[in-house]
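Hi there,

Here is the structure I promised to pass on to you. Have a look at it first, and then read on for what turned up.

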Amino acid sequence: MSRDEELIEQLNCKHVQAFRELFDRFYRYLVLYAMRWVERQETAEDIVQDLFVQVWERDTCYSSYYGFKNFLYNSVKNASLDYLKHKEVEGKYIKYTIQHAESGEEPELEIMENEIYRRLYQVLDELPKRCKEVFKYYLEGKKNKEIAELLQISELTVKTQKRNAINYIRERLGALYVLYTLFRAGFM
């Protein structure tokens, strides 16, 4: 068995030394890879550090060194692109807020929509970690298969977690859930 495969086997058994060695091997390269998209080194470092925290906290077993390496690079790319999407949305919101503050008007419908999404994200924070991860990817428009691949779980688990999240959110939001679905479907 090669040293690479031995490290993966030890990582699967949660050996700290193997984790540290893999972290040291990949950290620098993953930060440089993330900087292709996010450009700021601090942001790239945060993305990579968050990924390694997930690697350690998850109960995922990696089948090979090559698969683990692919997982790391794909995860960094996806996290970097998600970061950029979030920044874009933030920028649009700031621009919108400034425009409406200058004109002195903010439509009631948009205020209501903002409040519904604020409550939705409060309720999302109450969900168990895996359930929350699945539902956030769902909100981003990802398909069950994509979510399963990203989180390295089965599609059935994705469906179950999504259903659990929807039931919990429906229960916690009550009548606001109906408005949320109308906003999401574009009826309002």
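Which residues form one aromatic cluster? They are F19, F23, Y27, F52 and W56. Before you go further, please keep in mind that this is a predicted model.

K14 lies over the face of W56, at 5.2 Å from the ring centre.

Now for the aromatic pairs. Two rings count as a pair if their centres lie within 6.5 Å, and by this rule the count comes to 12 aromatic pairs. Let me walk you through two of them.

The pair of F26 and F68 has its ring centres 6.1 Å apart, with 75° between the planes. Planes over 60 degrees apart count as edge-to-face, so that is the label for F26 and F68. F26 belongs to helix α2 (residues 16–38), while F68 belongs to helix α4 (residues 65–103), so this pair ties together parts that are 42 residues apart in sequence. Are these two residues buried or exposed? Both F26 and F68 are buried.

Y33 and W37 make another edge-to-face pair, at 4.9 Å centre to centre and with 85° between the planes. Here both partners sit in helix α2, and because they are 4 residues apart, about one helical turn separates Y33 from W37. Y33 has a relative accessibility of 17%, so it counts as buried, since the limit for buried is under 20%. W37, with a relative accessible area of 22%, is partly exposed.

Next, the helices. Two packed helices are described by the angle between their axes and the distance between the axes, so look out for both values below.

How do α1 and α2 cross, and which residues make the contact? The axes of helix α1 (residues 3–12) and α2 come within 8 Å and cross at roughly 125°, which makes α1 oblique to α2. On the α1 side, the contact is made by R3, D4, L7, I8, Q10 and L11. On the α2 side, it is made by A18, F19, E21, L22 and R25. The crossing of α1 and α2 is left-handed.

Helix α7 (residues 144–151) and helix α8 (residues 155–173) also have axes that come within 8 Å, crossing at roughly 105°. These two helices are therefore roughly perpendicular to each other. N144, K145, I147 and A148 of α7 make the contact with E155, V158, K159 and K162 of α8.

Enjoy exploring!

Best wishes

Definitions and conventions
Residues are numbered from 1 along each chain as its sequence is written. This is a predicted model: local features need pLDDT of at least 70, side-chain atom pairs count only at pLDDT 80 or more; totals for chains, interfaces and linings use all residues. Side-chain values use heavy atoms; hydrogens and water are left out. Rings of Phe, Tyr and Trp (its six-membered ring) pair if their centres lie within 6.5 Å; planes under 30 degrees apart count as stacked, over 60 as edge-to-face and the rest as tilted. Buried means under 20% relative accessible area, exposed over 50%, partly exposed in between (1.4 Å probe, protein chains only). A charge sits over a ring if NZ of Lys or CZ of Arg is within 6 Å of the ring centre and within 35 degrees of the ring normal. Axes are lines fitted to C-alpha atoms, for helices over the stretch in contact, and angles run from 0 to 180 degrees between N-to-C directions. Angles under 35 degrees count as roughly parallel, over 145 as roughly antiparallel, 65 to 115 as roughly perpendicular and the rest as oblique. A crossing is left-handed if the near helix is turned anticlockwise from the far one by less than a right angle, and right-handed if clockwise. Contact means heavy atoms within 4.5 Å.
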